[in-house]
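Subject: Structure for your review

Dear colleague,

Please find below the structure that I am handing over to you. My notes on it follow, and I would be grateful if you read them with the structure open.

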Amino acid sequence: MGKTALITGITGQDGAYLAEYLIKKGYTVHGIKRRASLFNTDRIDHLYQDPQLDNRNLILHYGDMTDSLNITNIIGDVKPDEIYNLAAQSHVKVSFDTPEYTANVDGLGTLRILEAVRLLGLTEKSRIYQASTSELYGLVQEIPQKETTPFYPRSPYAVAKMYAYWITVNYREAYNMFACNGILFNHESPLRGETFVTRKVTRALSRIALGIQNDIYMGNLSSKRDWGHAKDYIKAMYLILQQDAPDDYVIATGVTTTIRDFITMAFKEIGVTVAFKGDGANETGEIVSIDEAVFGTKIGETYLAPLKKRLGEKIIKVDPKYFRPTEVELLIGDATKARTKLSWEPQYTLETLIKDMMQSDVKEMKKEAYLKEGGYRILNYFE
Ligand code: NAP
Ligand code: G4F
């Protein structure tokens with residue numbers, strides 16, 4: 001008999017990769033999905049199975065992290081061997097606009113999972129993974145950050161996640177539960193939500209190259225992040241729950257890069273060189289040269305001439321509306337414990353992560369460009 005896992009946040013970036021990974025390992029995966037006015041299952045549609053089929057290995061349940069009865073009922077029905085609590089209002093900037101909701105979902109939501117397992121008498125059976133975050137380090141007290149580095153959260157999101165971190169540790173110590181924190185540094189992929197900085201950049205640069213977007217407005221270009229690939233990071237989540245004893249682990253690459261350099265590298269991937277001028281809200285970026293052979297291969301010859309006309313134009317600008325009331329300026333993790341105890345080793349570098357994201361977004365945006373061209377032709381025809 002294979003194991004049973006329950007994933008909250010299965011429709012998100014990590015939930016989708018983790019579900020696929022566990023199904024390949026022979027798990028039956030249950031996922032909690034919010035009711036929405038659209039399906040919102042794009043990331044897991046390739047795994048979906050008709051509810052009428054016998055022996056399904058992916059089963060979805062309607063639910064919400066703010067609903068204790070719902071969470072308790074699902075856990076009681078599924079009796080999972082492993083629970084991966086990935087559901088969260090995960091956007092740091094949005095948490096300043098919705099602090100109470102973020103605390104409810106990201107903080108109390110974790111308590112609801114832990115209490116359900118305890119009340120249902122499943123403490124011996126169900127192992128729990130809590131999606132903790134490098135945002136806990138906030139105003140960093142040590143460089144690089146590791147498991148023993150003190151926390152200094154800088155957003156309602158991080159403060160809510162701090163409660164979730166400690167309630168997980170507390171239930172482990174108080175009730176002997178197999179409950180663990182993965183303190184994951186930023187991880188990205190082609191499935192990353194469109195409003196996180198990496199995906200916002202790879203989508204926009206693809207669109208600019210294809211001539212369907214003029215420019216991009218950014219926030220703080222100088223903050224630094226330790227970016228890995230989500231495909232590597234979900235493997236760490238799995239490994240954390242396979243150990244003999246529960247523990248907390250930092251998962252990171254140990255390389256940190258500014259947002260500005262991420263943009264430069266993403267443009268470089270398609271043969272475009274950019275230069276930045278000015279600072280703060282007045283900083284701008286412009287295209288200074290194009291490697292025609294690389295651009296032609298990756299984007300297409302037909303898009304070269306229109307982009308060449310834009311050399312020297314300010315196509316990257318700053319809009320202070322994207323600044324955060326309190327910023328996390330620098331994150332860089334030390335994952336020695338995970339590398340040693342879990343034998344976890346990331347396969348992707350920042351370069352291969354960017355390549356993966358740019359390839360995927362260029363492909364996606366080419367469809368949009370094609371439709372736009374088609375739409376234009378149809379319009380001409382009717383004129
Ligand atoms: P994500 O793409 O934003 O996915 C979040 C998931 O949570 C989605 O499935 C979302 O459902 C669900 N969700 C949100 N509010 C909910 C609610 N009230 N009830 C039930 N489900 C709810 O996030 P991610 O990047 O995959 O991250 C997964 C987890 O790791 C999150 O807890 C995040 O805070 C944490 N984390 C992420 C990173 C990172 O760099 N990606 C780093 C450290 C920690 P909808 O699809 O309906 O919105
Ligand atoms: O991509 P971000 O929005 O990610 P952030 O705030 O680091 O949070 C992500 O990683 C955390 C792990 O450390 C997770 F816990 C959390 O759930 C989420 O997945 O922003 C990264 C940096 C910030 O410094 C931000 O100020 O990019 C800066 N930035 C600059 N311009 C921007 C933009 N961020 C966004 N989202 N949009 C911009 O236009």
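Which residues form one aromatic cluster? In this model, which is a predicted one, the cluster is made up of Y137, F151, Y165, W166 and F185.

The structure holds 10 aromatic pairs. One of them joins Y84 and Y129, whose ring centres are 6.1 Å apart and whose planes stand at 40 degrees, which makes the pair tilted. Y84 belongs to strand β4 (residues 82-85) and Y129 to strand β5, so this pair ties together parts that are 45 residues apart in sequence. Y84 and Y129 are both buried.

A further pair is formed by W227 and F262. The ring centres of these two residues are 4.9 Å apart and their planes meet at 55 degrees, so this pair is tilted. For a pair to be called tilted, the angle between the planes has to fall between the limits of 30 and 60 degrees. W227 is found in the loop between β9 (224-225) and β10 (228-229), while F262 is in helix α8 (residues 259-268), so the contact ties together parts that are 35 residues apart in sequence. Both W227 and F262 are buried.

Two arginines also meet aromatic rings. The charged end of R118 sits over the ring of Y175, at 4.8 Å from the ring centre. In the case of R127, the charged end sits over the ring of F178, and the distance to the centre is 3.8 Å.

Strand β5 (residues 127-133) runs parallel to β6 and is joined to it by six bridges. Within this pairing, S132 has I183 as its bridge partner in β6. Together with helix α5 (residues 156-175), β5 and β6 make a right-handed β-α-β unit. Strand β11 (residues 249-251) also pairs with β6 in the parallel sense, over three bridges. There, L184 stands opposite I251 of β11.

Yours sincerely,

A colleague

Conventions. Residues are numbered from 1 along each chain as its sequence is written. Chains are lettered from A and ligands numbered from 1 in the order in which they are written. This is a predicted model: local features need pLDDT of at least 70, side-chain atom pairs count only at pLDDT 80 or more; totals for chains, interfaces and linings use all residues. Side-chain values use heavy atoms; hydrogens and water are left out. Two strands pair if DSSP finds at least two bridges between them. Helices (H or I, at least four residues) and strands (E, at least two) are DSSP runs, numbered from the N terminus. A crossover is right-handed if, with the strands pointing away from the viewer, the path from the first strand over the helix to the second runs clockwise. Rings of Phe, Tyr and Trp (its six-membered ring) pair if their centres lie within 6.5 Å; planes under 30 degrees apart count as stacked, over 60 as edge-to-face and the rest as tilted. Buried means under 20% relative accessible area, exposed over 50%, partly exposed in between (1.4 Å probe, protein chains only). A charge sits over a ring if NZ of Lys or CZ of Arg is within 6 Å of the ring centre and within 35 degrees of the ring normal.
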